[in-house]
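Subject: Structure for you to look at, with notes

Dear colleague,

Here is the structure I promised to pass on, and my notes follow below it. Please open it beside this email and read the two together.

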Amino acid sequence: MFKRYLAIMTLAVLAASCGKRENTSTHHNSLDSIAREYVRLGLSVGQYDGDFVDAYYGPDSLRPAKTDTSQFPKDAFLQKTAALKKVLAALASGTEQDTLTRRAAWLTAQLTAFERRIQQFSGTFVPFDTESKELFDAVAPVYDEQHFQDLITKLDRLLPGQGPIPERYQKLSNRFLIPREKIDTVFRVAIAEARRRTLAHYALPAGEDFKLEYVHDKPWSGYNWYKGNYKSLIQINVSQPIYIERAIDLACHEGYPGHHVYNALLEKNLYRDKGWTEISLYPLFSPQSLIAEGSANYGISMAFPGNEQREFCKNVLIPLAGLDTAMANVYFEALAVRSALNYARNEVARGLLDRGMSEQEGKRWLTDYCLLPEKGASDYLRFIRKYRSYVINYNYGQDIIRKYIEAQGGTTDAPDKRWKLFETLLSNENRAGDLLKK
């Protein structure tokens, strides 16, 4: 195994020695070799850590042989990760080609996440912000409780009735709870509309498709399991209450133009067309996830800009679910305020993982500030315990994507440019650091 690493290192050193008269073909061959070792390493770690690999659609030849997983070889994995990073550093210093240096930087950030996850899986933890930086290449802003209290008071004038705001919000939202027997019908219509709107702007790979499945007792509300060959399995957790806006949220986030589209475009443009083997492996705990989750959340407003989500719900989904459209405008105004409260989820995670916050206090924050029902709050505590600093990818990731797109002119009044910038983002290797610089 180490002979292979030495061979790769030799290639990189030779390439670096070319200086300005670099042999581009040699550099690409070296990087392709590193990419294959990166995939082998990730798949090997995934034999022990069941959450490490979210998707893989590369060659079977890179899959490791089955092995005894009773002892986790932490030190060996860390040594291999460090060796690959060293090779990448040598390669990057020996080239002036932007594509190669960006690709090497992306792989290096992914490998830094490998190191942190390997340590984490072994029971070695660091502070929340250090963890999120190493895993996802970003540190989310910190807000105190007063920030969320100020936001909550904005709901007081919106919500009907008297009494505690969380109770009033829950009473209003229960008017728009999708009946269990209507969930499949509502979701299929929502996904079809999200797909139609996405296809109006993108030509997706031929044969792209998804399978929809309903599951129970998960810590998440929806999940996209990308299978390769432009196919996805989208799972919806029906153990949680599902409100009408979530049909569109999940249709966009998990499907169009979210995870399904993101993975299909990466597979087509980078793996199939360019032969970049590294993209065939999606490590869940990596900078790729911030781009994936942030773009999937931002994709909701791409497909349904302005008030279009509200209007589609009022005109199509709410009647389809057999619900009353009365109070729908008030509900969507409350949802707009609630979206700004999502950063409270990060503070609960920081509190639980860093600051000794109790589960009871965490649940209070989730019900009082995130306005989750009791079941949703309990499930989100499970989510935090399992996924830890991953929580920043949804809210901070979305804000990073939004600011990046808008800074380049991709605003709601320039929809064609906005969709084009979004497509370019979804079709390339990016990390938060790249987007924040711009």
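This is a predicted model: local features need pLDDT of at least 70, side-chain atom pairs count only at pLDDT 80 or more; totals for chains, interfaces and linings use all residues.

Residues are numbered from 1 along each chain as its sequence is written, and side-chain values use heavy atoms, with hydrogens and water left out.

Helix α16 itself runs over residues 374-387, and its 14 residues reach 20 Å from the first C-alpha to the last, close to the 20 Å expected at 1.5 Å a residue; the expected span is 1.5 Å times one less than the number of residues. Its buried residues are G376, A377, D379, Y380, L381, F383, I384 and Y387, where buried means under 20% relative accessible area, exposed over 50% and partly exposed in between, with a 1.4 Å probe and protein chains only. Just after the helix, R388 takes a positive phi of about 55°.

In the loop between α15 and α16 you will find C370, which is buried at a relative accessible area of 1%. Apart from neighbours within four places in sequence, C370 is in contact (heavy atoms within 4.5 Å) with R338, L341, A344, R345 and W365.

Salt bridges

Across the whole structure, a search finds 36 salt bridges, each defined as a side-chain nitrogen of Lys or Arg within 4 Å of a carboxyl oxygen of Asp or Glu. One of them joins R197 and E308, with the closest N and O atoms 2.6 Å apart. This pair links distant parts of the chain, as R197 sits in helix α8 (residues 183-199) and E308 in helix α12 (residues 308-320), 111 residues apart. R197 is buried, with a relative accessible area of 16%, whereas E308 is partly exposed at 36%.

E361 and R364 form a salt bridge with their closest N and O atoms 2.7 Å apart, and both lie in helix α15 (residues 359-368), three residues apart, which is about one turn of the helix. E361 is partly exposed, at 28% relative accessible area, and R364 is partly exposed, at 28%. K420 and E423 meet in a salt bridge of 3.8 Å from N to O; they are three residues apart in helix α18 (residues 415-426), and therefore about one helical turn separates them. K420 counts as exposed, at 52% relative accessibility. Finally, K133, D137, R431 and D434 are linked in a network of salt bridges.

Packing of α10 against α11

Two packed helices are described by the angle between their axes and the distance between the axes. The axes of helix α10 (residues 259-272) and helix α11 (residues 287-303) come within 9 Å and cross at roughly 130°; the axes are lines fitted to C-alpha atoms over the stretch in contact, and angles run from 0 to 180 degrees between N-to-C directions. The two helices are therefore oblique to each other, since angles under 35 degrees count as roughly parallel, over 145 as roughly antiparallel, 65 to 115 as roughly perpendicular and the rest as oblique. On the α10 side, H259, Y262 and L266 meet Q288, I291, A292, E293 and A296 of α11.

Backbone points to check

Most residues other than glycine have a negative phi, and most peptide bonds are trans. A cis peptide bond joins Y256 and P257, with omega about 0°, and P257 is placed in the loop between α9 (244-255) and α10. D217, in the loop between β2 (209-215) and β3, has a positive phi near 55°.

Conventions:
Helices (H or I, at least four residues) and strands (E, at least two) are DSSP runs, numbered from the N terminus.
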